[in-house]
Amino acid sequence: MSKKFKIKKGDYVKIIAGEHKGMQGQVMKIITKTDRVIVSGINIVKRHTKPSRENPKGGIIEKEAPIHVSNLSLISKGETTRVGYKIEGDTKIRYAKKTSEAL
């Protein structure tokens, strides 16, 4: 059975804990196996790489490292909010609890 997260790919999130607290970005990828999320422009690390076909020179590459999903909060209309679900007709809708806006 796969895990279910209230944060989805493409959502805008704010970091609420850790070294990057207060920063905002868009979710690029969700890693369900380790409960982590990759956010664009946040938690950038440097990796030393050997020369390869993709990178013939090798060298130091900067890339985003994953952040635990518990350290993120969804942004809706400029402020952080929790996510809820409600059923309207036959469809299950995700909504922001602060503004009651459908996501």
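Helices (H or I, at least four residues) and strands (E, at least two) are DSSP runs, numbered from the N terminus. With that in hand, let us walk through the chain. The model is a predicted one, in which local features need pLDDT of at least 70 and side-chain atom pairs count only at pLDDT 80 or more, while totals for chains, interfaces and linings use all residues. Residues are numbered from 1 along each chain as its sequence is written, and side-chain values use heavy atoms, with hydrogens and water left out.

Start with the overall make-up: the chain has 0 helices and 10 strands. Its radius of gyration is 17 Å, well over the 13 Å that the globule rule gives for 103 residues, so the chain is more spread out than a compact globule. Here the radius is taken over C-alpha atoms, and the rule is 2.2 Å times the number of residues to the power 0.38. The C-alpha trace spans about 55 × 30 × 20 Å along its principal axes. Of the 103 residues, 29% are buried, where buried means under 20% relative accessible area, exposed over 50%, and partly exposed in between (1.4 Å probe, protein chains only).

Now turn to the largest pocket, which holds about 160 Å³ of space. A pocket, on a 1 Å grid over the protein atoms alone, is an open set of points where a 1.4 Å probe fits, with protein on both sides within 12 Å along at least five of seven lines; lining residues have an atom within 4 Å of a point. The volume is the space filled by probe spheres set on the points, which are joined across faces, edges and corners. Strand β7 (residues 72-76) gives the largest share of this lining, 3 residues. Among the lining residues are Phe 5, Ile 7, Leu 74 and Arg 82.

Two residues are worth a visit on the way out. Lys 46 sits in strand β4 (residues 44-49) and is exposed, with a relative accessible area of 54%. Beyond its neighbours within four places in sequence, Lys 46 is in contact (heavy atoms within 4.5 Å) with Ile 60, Ile 61 and Glu 62. Between Lys 46 and Ile 60 the C-alpha to C-alpha distance is 6.2 Å, and they are 14 residues apart in sequence.

Gly 18, in turn, belongs to the loop between β1 (12-15) and β2 (24-31). Gly 18 is exposed too, at a relative accessible area of 55%. From Gly 18 to Asn 71 the separation is 53 residues in sequence, and 7.3 Å in space, C-alpha to C-alpha.
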